[in-house]
Amino acid sequence: MNNLSTKEIVEKYNFRFSKNLGQNFLIDNSVLQDILEGTDINKNDFVIEIGPGVGTLTKELLKRAKKVCAIELDSDLIAILKEELKHYPNFELIHKDVLKTNFNEIIKDESSIKIVANLPYYITTPIISKILNNKYNFKTLTIMIQKEVGERMISEPNCKRYGALSLLVQYYCDVEVLRKVSPYAFIPSPKVESIVIKLTKLNNPRVKIKSEDLFFRIIRCSFNMRRKTLWNALKALKLSREYIEKAFDKSRIDPKRRGETLSIEEFGLLSDCIYELIHGL
Ligand code: SAM
(Lines give C-alpha, C1' and ligand atoms only; values in the text may rest on other atoms or scores of the structure.)
Protein backbone atom coordinates (compact mmCIF):
# COMPACT_ATOMS: atom_id res chain seq x y z
CA MET A 1 0.00 0.00 0.00
CA ASN A 2 1.33 3.41 -0.87
CA ASN A 3 1.11 6.11 1.74
CA LEU A 4 0.82 8.82 -0.85
CA SER A 5 -1.73 7.20 -3.09
CA THR A 6 -4.65 9.36 -2.00
CA LYS A 7 -2.64 12.54 -2.50
CA GLU A 8 -1.28 11.28 -5.82
CA ILE A 9 -4.73 10.53 -7.16
CA VAL A 10 -6.04 13.89 -5.98
CA GLU A 11 -3.17 15.61 -7.83
CA LYS A 12 -3.40 13.40 -10.92
CA TYR A 13 -7.03 14.43 -11.50
CA ASN A 14 -6.67 17.93 -10.07
CA PHE A 15 -9.58 17.06 -7.78
CA ARG A 16 -11.24 19.94 -5.92
CA PHE A 17 -12.59 19.08 -2.45
CA SER A 18 -16.17 19.91 -1.58
CA LYS A 19 -16.70 21.05 1.99
CA ASN A 20 -20.45 20.60 1.56
CA LEU A 21 -19.99 16.89 0.90
CA GLY A 22 -17.80 16.37 3.98
CA GLN A 23 -14.78 15.47 1.88
CA ASN A 24 -11.80 14.78 4.12
CA PHE A 25 -9.77 11.99 2.57
CA LEU A 26 -7.71 9.60 4.65
CA ILE A 27 -3.95 9.76 4.04
CA ASP A 28 -2.64 7.92 7.12
CA ASN A 29 -1.72 4.37 6.26
CA SER A 30 -1.79 3.15 9.87
CA VAL A 31 -5.46 4.20 10.19
CA LEU A 32 -6.26 2.42 6.93
CA GLN A 33 -4.58 -0.74 8.24
CA ASP A 34 -6.49 -0.56 11.53
CA ILE A 35 -9.81 -0.19 9.71
CA LEU A 36 -8.96 -3.20 7.54
CA GLU A 37 -7.89 -5.27 10.53
CA GLY A 38 -10.99 -4.25 12.48
CA THR A 39 -13.40 -5.07 9.66
CA ASP A 40 -11.77 -8.46 9.14
CA ILE A 41 -12.97 -8.85 5.55
CA ASN A 42 -12.65 -12.20 3.76
CA LYS A 43 -13.66 -13.71 0.43
CA ASN A 44 -17.17 -14.55 1.67
CA ASP A 45 -17.96 -10.94 2.48
CA PHE A 46 -20.10 -8.57 0.46
CA VAL A 47 -18.93 -5.10 1.42
CA ILE A 48 -20.89 -1.88 1.10
CA GLU A 49 -18.69 1.19 1.28
CA ILE A 50 -20.34 4.57 1.82
CA GLY A 51 -18.46 7.52 0.30
CA PRO A 52 -15.37 5.89 -1.25
CA GLY A 53 -13.67 9.21 -2.13
CA VAL A 54 -10.83 8.48 -4.58
CA GLY A 55 -10.97 4.78 -3.68
CA THR A 56 -7.90 4.23 -1.48
CA LEU A 57 -9.75 2.16 1.13
CA THR A 58 -11.98 0.67 -1.59
CA LYS A 59 -8.95 -0.81 -3.38
CA GLU A 60 -7.82 -2.62 -0.22
CA LEU A 61 -11.35 -3.87 0.42
CA LEU A 62 -11.55 -5.15 -3.16
CA LYS A 63 -8.41 -7.25 -2.65
CA ARG A 64 -9.97 -8.98 0.36
CA ALA A 65 -13.74 -9.19 -0.28
CA LYS A 66 -15.98 -11.21 -2.57
CA LYS A 67 -17.50 -7.97 -3.79
CA VAL A 68 -17.44 -4.27 -2.91
CA CYS A 69 -20.36 -2.04 -3.73
CA ALA A 70 -19.53 1.63 -3.19
CA ILE A 71 -22.10 4.43 -2.97
CA GLU A 72 -20.80 7.87 -3.93
CA LEU A 73 -22.66 11.10 -4.59
CA ASP A 74 -19.96 13.30 -6.17
CA SER A 75 -19.94 13.04 -10.00
CA ASP A 76 -16.27 14.08 -10.19
CA LEU A 77 -15.34 11.14 -7.97
CA ILE A 78 -17.43 8.73 -10.03
CA ALA A 79 -15.21 9.35 -13.06
CA ILE A 80 -12.03 8.92 -10.98
CA LEU A 81 -13.25 5.73 -9.28
CA LYS A 82 -14.27 4.17 -12.61
CA GLU A 83 -10.80 4.78 -13.98
CA GLU A 84 -8.75 3.88 -10.89
CA LEU A 85 -10.65 0.70 -10.02
CA LYS A 86 -11.38 -0.54 -13.53
CA HIS A 87 -9.22 -3.65 -13.08
CA TYR A 88 -11.34 -5.02 -10.25
CA PRO A 89 -14.18 -7.20 -11.56
CA ASN A 90 -15.68 -7.43 -8.06
CA PHE A 91 -16.29 -3.66 -7.92
CA GLU A 92 -19.71 -2.07 -8.31
CA LEU A 93 -20.26 1.68 -8.12
CA ILE A 94 -23.56 3.34 -7.33
CA HIS A 95 -23.82 7.05 -8.10
CA LYS A 96 -26.42 8.09 -5.56
CA ASP A 97 -27.12 9.84 -2.28
CA VAL A 98 -26.69 7.18 0.40
CA LEU A 99 -29.74 8.52 2.24
CA LYS A 100 -31.87 7.80 -0.82
CA THR A 101 -30.42 4.33 -1.38
CA ASN A 102 -32.34 1.19 -0.50
CA PHE A 103 -29.64 -1.17 0.75
CA ASN A 104 -31.92 -4.19 0.28
CA GLU A 105 -31.74 -3.61 -3.48
CA ILE A 106 -27.94 -3.82 -3.24
CA ILE A 107 -27.78 -6.70 -0.76
CA LYS A 108 -30.24 -8.97 -2.66
CA ASP A 109 -29.61 -12.52 -1.41
CA GLU A 110 -26.08 -11.95 -0.06
CA SER A 111 -25.70 -13.15 3.53
CA SER A 112 -22.36 -11.90 4.86
CA ILE A 113 -22.72 -8.14 4.64
CA LYS A 114 -20.14 -5.78 6.11
CA ILE A 115 -20.57 -2.03 5.83
CA VAL A 116 -17.48 0.17 5.95
CA ALA A 117 -17.24 3.94 5.75
CA ASN A 118 -15.24 7.01 6.49
CA LEU A 119 -18.52 8.85 6.78
CA PRO A 120 -19.29 12.36 5.60
CA TYR A 121 -19.69 13.93 9.06
CA TYR A 122 -22.56 16.23 8.12
CA ILE A 123 -24.91 13.23 7.81
CA THR A 124 -23.42 10.69 10.22
CA THR A 125 -26.46 10.32 12.48
CA PRO A 126 -29.04 10.12 9.64
CA ILE A 127 -26.96 7.41 7.92
CA ILE A 128 -26.59 5.30 11.06
CA SER A 129 -30.26 5.75 11.98
CA LYS A 130 -31.28 4.73 8.46
CA ILE A 131 -29.16 1.57 8.51
CA LEU A 132 -30.40 0.51 11.95
CA ASN A 133 -34.04 1.53 11.66
CA ASN A 134 -34.42 -0.20 8.30
CA LYS A 135 -33.14 -3.38 9.94
CA TYR A 136 -30.75 -4.08 7.09
CA ASN A 137 -29.18 -7.46 7.36
CA PHE A 138 -25.52 -6.65 8.06
CA LYS A 139 -22.92 -8.28 10.29
CA THR A 140 -20.72 -5.33 11.08
CA LEU A 141 -20.67 -1.60 10.45
CA THR A 142 -17.19 -0.12 10.75
CA ILE A 143 -17.19 3.65 10.58
CA MET A 144 -14.93 6.62 10.99
CA ILE A 145 -16.93 9.40 12.59
CA GLN A 146 -16.48 12.56 14.58
CA LYS A 147 -15.11 11.63 18.03
CA GLU A 148 -17.96 13.32 19.88
CA VAL A 149 -20.58 11.29 17.96
CA GLY A 150 -18.66 8.09 18.68
CA GLU A 151 -18.67 8.95 22.37
CA ARG A 152 -22.45 9.33 22.23
CA MET A 153 -22.71 5.81 20.81
CA ILE A 154 -20.69 4.16 23.58
CA SER A 155 -22.11 6.23 26.46
CA GLU A 156 -23.75 4.65 29.50
CA PRO A 157 -26.52 6.10 31.71
CA ASN A 158 -25.54 9.15 33.78
CA CYS A 159 -22.83 10.15 31.29
CA LYS A 160 -22.89 13.56 29.63
CA ARG A 161 -23.19 12.14 26.11
CA TYR A 162 -25.76 9.41 26.89
CA GLY A 163 -28.88 9.91 24.80
CA ALA A 164 -31.19 8.69 22.05
CA LEU A 165 -28.25 7.76 19.76
CA SER A 166 -26.58 5.65 22.51
CA LEU A 167 -29.82 3.74 23.01
CA LEU A 168 -30.55 3.28 19.31
CA VAL A 169 -27.09 1.90 18.60
CA GLN A 170 -26.89 -0.25 21.75
CA TYR A 171 -30.38 -1.66 21.16
CA TYR A 172 -29.25 -3.22 17.90
CA CYS A 173 -25.49 -3.65 18.27
CA ASP A 174 -22.41 -4.24 20.37
CA VAL A 175 -20.20 -1.17 20.11
CA GLU A 176 -16.41 -1.18 20.10
CA VAL A 177 -13.89 1.65 19.69
CA LEU A 178 -11.13 0.61 17.31
CA ARG A 179 -9.03 3.76 17.57
CA LYS A 180 -8.94 7.53 17.75
CA VAL A 181 -7.74 9.51 14.73
CA SER A 182 -6.12 12.94 14.62
CA PRO A 183 -7.23 15.62 12.12
CA TYR A 184 -3.79 15.31 10.44
CA ALA A 185 -4.72 11.88 9.11
CA PHE A 186 -6.84 13.59 6.43
CA ILE A 187 -6.60 16.03 3.55
CA PRO A 188 -7.90 18.61 4.09
CA SER A 189 -7.71 18.33 7.90
CA PRO A 190 -11.13 18.53 9.54
CA LYS A 191 -11.56 20.81 12.57
CA VAL A 192 -12.55 17.89 14.79
CA GLU A 193 -10.98 14.69 16.06
CA SER A 194 -12.27 11.38 14.74
CA ILE A 195 -12.80 7.88 16.02
CA VAL A 196 -13.20 4.49 14.33
CA ILE A 197 -16.12 2.53 15.76
CA LYS A 198 -17.21 -1.02 15.00
CA LEU A 199 -20.86 -1.95 15.46
CA THR A 200 -21.58 -5.69 15.49
CA LYS A 201 -25.24 -6.45 14.95
CA LEU A 202 -26.82 -8.55 17.70
CA ASN A 203 -28.83 -11.63 16.68
CA ASN A 204 -31.74 -10.18 18.67
CA PRO A 205 -32.12 -6.63 20.00
CA ARG A 206 -30.59 -6.10 23.45
CA VAL A 207 -33.98 -5.90 25.18
CA LYS A 208 -37.22 -7.66 24.29
CA ILE A 209 -40.04 -5.14 24.13
CA LYS A 210 -43.67 -5.09 23.05
CA SER A 211 -43.51 -2.05 20.77
CA GLU A 212 -40.33 -0.59 19.25
CA ASP A 213 -42.27 2.41 18.05
CA LEU A 214 -43.42 3.30 21.58
CA PHE A 215 -40.00 2.46 23.09
CA PHE A 216 -38.19 4.88 20.75
CA ARG A 217 -40.91 7.55 21.15
CA ILE A 218 -40.43 7.43 24.91
CA ILE A 219 -36.67 7.69 24.45
CA ARG A 220 -36.99 10.67 22.11
CA CYS A 221 -39.33 12.48 24.52
CA SER A 222 -37.01 11.74 27.45
CA PHE A 223 -34.01 13.34 25.77
CA ASN A 224 -35.68 16.18 23.88
CA MET A 225 -35.29 18.30 26.99
CA ARG A 226 -32.60 16.59 29.03
CA ARG A 227 -33.17 18.56 32.22
CA LYS A 228 -36.86 17.66 32.51
CA THR A 229 -38.01 14.89 34.83
CA LEU A 230 -39.52 11.84 33.14
CA TRP A 231 -42.91 12.91 34.45
CA ASN A 232 -42.71 16.20 32.56
CA ALA A 233 -40.91 14.82 29.51
CA LEU A 234 -43.50 12.10 28.91
CA LYS A 235 -46.34 14.63 28.72
CA ALA A 236 -45.25 14.96 25.09
CA LEU A 237 -46.62 11.44 24.48
CA LYS A 238 -50.10 12.98 24.95
CA LEU A 239 -51.37 9.96 26.88
CA SER A 240 -53.79 10.16 29.79
CA ARG A 241 -52.25 11.19 33.10
CA GLU A 242 -53.69 8.06 34.65
CA TYR A 243 -51.85 5.70 32.28
CA ILE A 244 -48.56 7.44 32.87
CA GLU A 245 -49.03 7.42 36.65
CA LYS A 246 -49.91 3.72 36.66
CA ALA A 247 -46.99 2.88 34.36
CA PHE A 248 -44.52 4.54 36.74
CA ASP A 249 -46.10 2.64 39.64
CA LYS A 250 -46.03 -0.68 37.84
CA SER A 251 -42.46 -0.31 36.60
CA ARG A 252 -41.30 1.09 39.97
CA ILE A 253 -39.44 3.82 38.14
CA ASP A 254 -39.43 7.13 39.96
CA PRO A 255 -41.10 9.77 37.70
CA LYS A 256 -38.81 12.41 39.22
CA ARG A 257 -35.80 10.79 37.57
CA ARG A 258 -34.41 12.19 34.33
CA GLY A 259 -34.18 10.13 31.15
CA GLU A 260 -30.38 10.29 31.25
CA THR A 261 -30.38 8.06 34.37
CA LEU A 262 -32.38 5.18 32.85
CA SER A 263 -30.71 2.06 31.48
CA ILE A 264 -31.93 0.50 28.23
CA GLU A 265 -33.64 -2.23 30.30
CA GLU A 266 -35.51 0.41 32.34
CA PHE A 267 -36.67 2.19 29.17
CA GLY A 268 -37.87 -1.21 27.94
CA LEU A 269 -39.76 -1.87 31.17
CA LEU A 270 -41.40 1.55 31.25
CA SER A 271 -42.37 1.26 27.59
CA ASP A 272 -43.92 -2.19 28.13
CA CYS A 273 -45.89 -0.98 31.18
CA ILE A 274 -47.31 1.93 29.16
CA TYR A 275 -48.07 -0.39 26.24
CA GLU A 276 -49.93 -2.85 28.47
CA LEU A 277 -52.04 -0.08 30.00
CA ILE A 278 -52.92 1.41 26.61
CA HIS A 279 -53.92 -2.01 25.28
CA GLY A 280 -55.69 -3.14 28.45
CA LEU A 281 -53.31 -6.06 28.95
N1 SAM B 1 -13.57 7.05 1.87
C2 SAM B 1 -12.77 8.20 1.50
C3 SAM B 1 -11.57 8.29 2.41
O4 SAM B 1 -11.59 7.62 3.45
O5 SAM B 1 -10.63 8.98 2.09
C6 SAM B 1 -13.57 9.49 1.53
C7 SAM B 1 -14.26 9.83 2.84
S8 SAM B 1 -14.99 11.45 2.89
C9 SAM B 1 -14.95 11.74 4.64
C10 SAM B 1 -16.73 11.20 2.64
C11 SAM B 1 -17.13 10.71 1.27
O12 SAM B 1 -18.57 10.61 1.23
C13 SAM B 1 -16.75 11.62 0.11
O14 SAM B 1 -16.28 10.82 -0.95
C15 SAM B 1 -18.06 12.30 -0.28
O16 SAM B 1 -18.12 12.74 -1.63
C17 SAM B 1 -19.06 11.20 0.01
N18 SAM B 1 -20.44 11.66 0.27
C19 SAM B 1 -20.84 12.79 0.87
N20 SAM B 1 -22.17 12.86 0.97
C21 SAM B 1 -22.65 11.71 0.43
C22 SAM B 1 -23.96 11.19 0.24
N23 SAM B 1 -25.05 11.85 0.64
N24 SAM B 1 -24.09 9.97 -0.36
C25 SAM B 1 -22.98 9.29 -0.78
N26 SAM B 1 -21.72 9.74 -0.62
C27 SAM B 1 -21.54 10.94 -0.03
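This is a predicted model: local features need pLDDT of at least 70, side-chain atom pairs count only at pLDDT 80 or more; totals for chains, interfaces and linings use all residues.
User: Where should I begin, and which residues does the UniProt domain annotation cover?

Analyst: An annotation marks a stretch of the chain, and here the unreviewed UniProt entry carries "domain: Ribosomal RNA adenine methylase transferase N-terminal" for residues 31–203. Over residues 31–203 the chain is 35% helix and 28% strand, with the end C-alpha atoms 29 Å apart.

User: Which domains does the domain assignment give?

Analyst: The assignment gives domain 1, covering 6–201, and domain 2, covering 212–278. The C-alpha centres of domain 1 and domain 2 lie 34 Å apart, and the contact takes 13 residues from domain 1 and 13 residues from domain 2.

User: How do I read the buried area, and which residues of domain 1 lose the most area to domain 2?

Analyst: Buried area is what two parts lose on being put together, summed over both. In this model domain 1 and domain 2 bury about 1,000 Å² between them, and 63% of it is on carbon and sulfur atoms. On the side of domain 1, Tyr 162, Leu 167 and Tyr 171 lose the most area to domain 2, and together they make up 50% of what that side buries.

User: How many salt bridges and polar contacts does the rule find across this interface?

Analyst: A salt bridge is counted when a side-chain nitrogen of Lys or Arg lies within 4 Å of a carboxyl oxygen of Asp or Glu. Across the interface of domain 1 and domain 2 the rule finds 1 salt bridge, along with 7 residue pairs in polar contact. By class, the side of domain 1 that touches domain 2 has 8 nonpolar, 3 polar and 2 charged residues. The side chains of Glu 212 and Lys 135 meet in a salt bridge, at 2.7 Å from N to O.

User: How many salt bridges does the count come to by this rule?

Analyst: The count comes to 22 salt bridges, and one of them joins the side chains of Arg 64 and Glu 60, at 3.2 Å from N to O. Because Arg 64 and Glu 60 are 4 residues apart in helix α3 (residues 56–64), about one helical turn separates them.

User: What should I look for in the backbone, for example at the peptide bond that joins Ile 187 and Pro 188?

Analyst: Backbone angles are worth checking residue by residue. The bond that joins Ile 187 and Pro 188 is a cis peptide bond, with omega about -25°, and Pro 188 is found in the loop between β8 (186–187) and β9 (194–201).

User: And where is Asp 40 placed?

Analyst: Asp 40 is in the loop between α2 (29–39) and β2 (46–50), and its phi is near 55°, a positive value in a residue other than glycine.

Terms used:
Residues are numbered from 1 along each chain as its sequence is written. Side-chain values use heavy atoms; hydrogens and water are left out. UniProt positions are given in the numbering used here, feature names are shortened, and annotations may be inferred rather than shown by experiment. Helices (H or I, at least four residues) and strands (E, at least two) are DSSP runs, numbered from the N terminus. Domain bounds come from an automatic or database domain assignment. Contact means heavy atoms within 4.5 Å. Buried area is the accessible area (1.4 Å probe) that two parts lose on being put together, summed over both. A polar contact is a pair of N or O atoms within 3.5 Å; within protein, one must be able to donate a hydrogen and the other to accept it, and residues adjacent in sequence count only if both atoms are side-chain atoms. Ala, Val, Leu, Ile, Met, Phe, Trp, Tyr, Cys and Pro count as nonpolar, Asp, Glu, Lys and Arg as charged, and the others, Gly among them, as polar.
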